[in-house]
Amino acid sequence: MAGLLALSRTIDRMNEFIGKWVSWLILLAILVSAANAVIRKTFDMSSNAWLELQWYLFGAAFMLAAAYTLRQNDHIRIDIVYGMFSRRLQHWIDLLGHLFFLMPFVTLMVIYFVPYVSLSFRSGEMSNNSGGLIIWPAKAILLAGFFLLALQGISEIIKKIAIMRGDMDDPTPFISVHEQAELEAKALAEEVRS
């Protein structure tokens, strides 16, 4: 299990680095959008390439940060129902969800995106929009995002099994929204007192 946990830590570190790095793509997309708007209004000039670049940047941030979001345990779930169960049952729900829903989905997406990206790259596929960009980088980002999500899914499965076996502590203990609000209120009260 030690080797698998080492693999899990490596995947976690990689996805954490990528997830934090791609957050800058949102800022870059905003800057491209602002520059495009200023140039369009000031000089009455524009290009579809700038609009598509914004889409590429936002899509890259979304897809490449999906694995980081899973690593941080920040994906949306129904906390009202999930919070009613014991932590042990929550671990089982997470493990089975990763095994039977996440992993088959991301595996299929990776398998189907490889030829999709390859064909787009080989053909030099371009946007249908006048002055648009080449398409294969956007498709490659989709492939990379699902690949990173698959790797993070493997890491999460390893960690869930290790937690359930008692080989490691729970790195992301579940706190319901109500409990989180109480903790924040207590912290705020302490801050006000001091």
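Contact here means heavy atoms within 4.5 Å. The model is predicted, with local features requiring pLDDT of at least 70 and side-chain atom pairs pLDDT 80 or more, while totals for chains, interfaces and linings use all residues. Residues are numbered from 1 along each chain as its sequence is written, and side-chain values use heavy atoms, without hydrogens and water.

**View A. Surroundings of V106.** Leaving aside residues up to four places away in sequence, V106 touches F146, L149 and A150.

**View B. The largest nonpolar core.** A nonpolar core is a set of buried (under 20% relative accessible area, 1.4 Å probe, protein chains only) Ala, Val, Leu, Ile, Met, Phe, Trp, Tyr and Cys residues joined through side-chain atoms within 4.5 Å. The largest one has 26 residues, and L25, L102, M103, V106, F146 and L149 have the most contacts inside it. At least two residues of this core come from each of α1 (2-43), α2 (48-71), α4 (87-123) and α5 (136-165); α2 gives the most, 9 residues. Helices are DSSP runs (H or I, at least four residues), numbered from the N terminus.

**View C. W92 within α4.** W92 lies in helix α4. This residue counts as partly exposed because its relative accessibility is 36%, the class between 20% and 50%.

**View D. Annotated spans.** The unreviewed UniProt entry places "transmembrane region" at residues 53-71, 92-114 and 134-155; such annotations may be inferred rather than shown by experiment. Residues 53-71 are 100% helix and 0% strand, with end C-alpha atoms 28 Å apart. Residues 92-114 are also 100% helix and 0% strand, and their end C-alpha atoms lie 32 Å apart. Strands are DSSP runs of E, at least two residues.
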